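This briefing looks at pairings between charged side chains. Please keep the sequence and the structure in view while reading.

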Amino acid sequence: MQVFVFAFSAFHIDHMVHLQTMATCWSPFALLGLDVALERRSLPALVLLGASFTMTMLCGIYFGVFLSIVIVAYAVIAWIVQLHRFSAKRLIELATTGVVCVALVSPVLIHYFDFASAYGAYPDSGHELSNSSLPVSSLIQAPQWLALWGKSAIATSDPGRFGNAFSGVGVLVLVLCGCVAGRGSANHRAIATLAILALLCFLLALGPTVELHSSEPIAFLSSLPLPRKLWLTISAVRWPMRIFMYSVLCAAVISGLGATWMMGMIAHRWRIPVGFLAMALIVAELTPSPSFSRLSATISDPVRMSDAYSFLLRESDRGGIAELPSRMDSGIATPYAARYAYASAGHLRRVVAFHGSLFPPLLDSLRQATYELPAMNAFALMRNSGVTRIVIHKDLMSADSSAFLIDALRHDGATIVFESRQSAVLAVMR
């Protein structure tokens, strides 16, 4: 049950589009290894902790940062509530494991530090961080894509919002049962540790400004020195709400303990049907509506997105590539930047396409140049910066616009090396 609640929670599914959130799959193993290592000296537990943490960092640095915070918080809370007895030897073993893990991922981390030292921190203000934080109301508002709750009065009015922390009535009841079961039982310290950690992660997910709804800050709560202010000092984290995933993980474990306690409180002959009904309720609450799958997008092979990519893959030239159109009529560039960056995974060429909050100067100037083409100065900048191919996607623009671009670029000195009804590739000669 714990695995189902964690894997299929509304918050988890809601963030499925962000692939880095899938890196949380290693976190349960990391916390298991940590708990065993805190309890007794165990080399396999330290290996499990280190391997899970390393895999998390390699799968997503984002959640590597979150997991680092969670591991330290779990150890401190476990010592405070006396789930485990504090030991200097255990602390040294954990610190050594952390040093080894950092050393293993240092070939990857060094590039992040190089980028930060060269271009500075991400320019995220408290307001921008708040837009990617968890609103308090999301705890009681269900996402619209849930089959059972999506059309109810508690459904959110913003179908595109990612901050849906609604757990469902079934999971909430089991969590409460788990907390009740912990009082006076052998698991009371473990449940207390998980509950405090879940609360801490929730507070961190609120971001630097506590908001009741999106863009509706609660003034007196925002002024409190809560731990969520941490994100103002860690510039690499732009979505504080994602650490709520660890609140979901803690709630999933507590709900499993609650289900065990509930089953022990009823007569033996009723345990199977009651357990089946409880699981059926949770499944029903977390089941997406049919429209959730109908609206899903099918992603093709990167090379098959355009016949120009097949040509770029097989030709001998290995220079940089600029693609047009580079932004929509409204000025938004993200859809095209994401498309071209994804396509580069197929033809393995450098592209003038980047999605993020901070652009290196050269890449930013090239990005701006794509907006100005076929201006001669923009063309010259690309030519002098290593761009050897300009791809015109005819199927993404009007016939007149594509014909005008091709003629103008040819006038600037480019030559057509590939052309079809769908696209055209022009060579930029140095």
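The points below concern the salt bridges of this structure and the surroundings of their partners.

The model is predicted, and a search of the whole structure finds seven salt bridges. Among the residues involved, Glu-315, Asp-317, Arg-349 and Arg-389 are linked in a network of salt bridges.

**The network**

- Glu-315 and Arg-389 pair through their side chains in a salt bridge, with an N to O distance of 3.0 Å.
- Glu-315 belongs to the loop between helix H14 (307-314) and strand S3 (320-324), while Arg-389 belongs to strand S4 (residues 387-393), so this pair ties together parts that are 74 residues apart in sequence.
- Glu-315 is buried because its relative accessible area, 13%, falls under 20%, and Arg-389, at 10% relative accessibility, counts as buried as well.
- Arg-349 makes a salt bridge with Asp-317, in which the closest N and O atoms are 2.8 Å apart.
- Arg-349 sits in the loop between helix H15 (334-347) and helix H16 (361-372), and Asp-317 in the loop between H14 and S3, so the pair ties together parts that are 32 residues apart in sequence.
- Arg-349 is itself buried, with a relative accessible area of 4%.

**A pair of sequence neighbours**

- Arg-40 and Glu-39 also form a salt bridge, and their closest N and O atoms lie 3.6 Å apart, which means that the pair meets the criterion of within 4 Å.
- Arg-40 is partly exposed, with a relative accessible area of 44%, and Glu-39, at 48% relative accessibility, likewise counts as partly exposed.

How values were computed
Residues numbered from 1 in each chain as written. Predicted model: local features only at pLDDT ≥ 70, side-chain atom pairs only at ≥ 80, totals over all residues. Heavy atoms only, no water. Buried < 20%, exposed > 50% of the residue type's maximum accessible area, 1.4 Å probe, protein only. Helix = DSSP H or I, 4+ residues; strand = E, 2+ residues; numbered from the N terminus.
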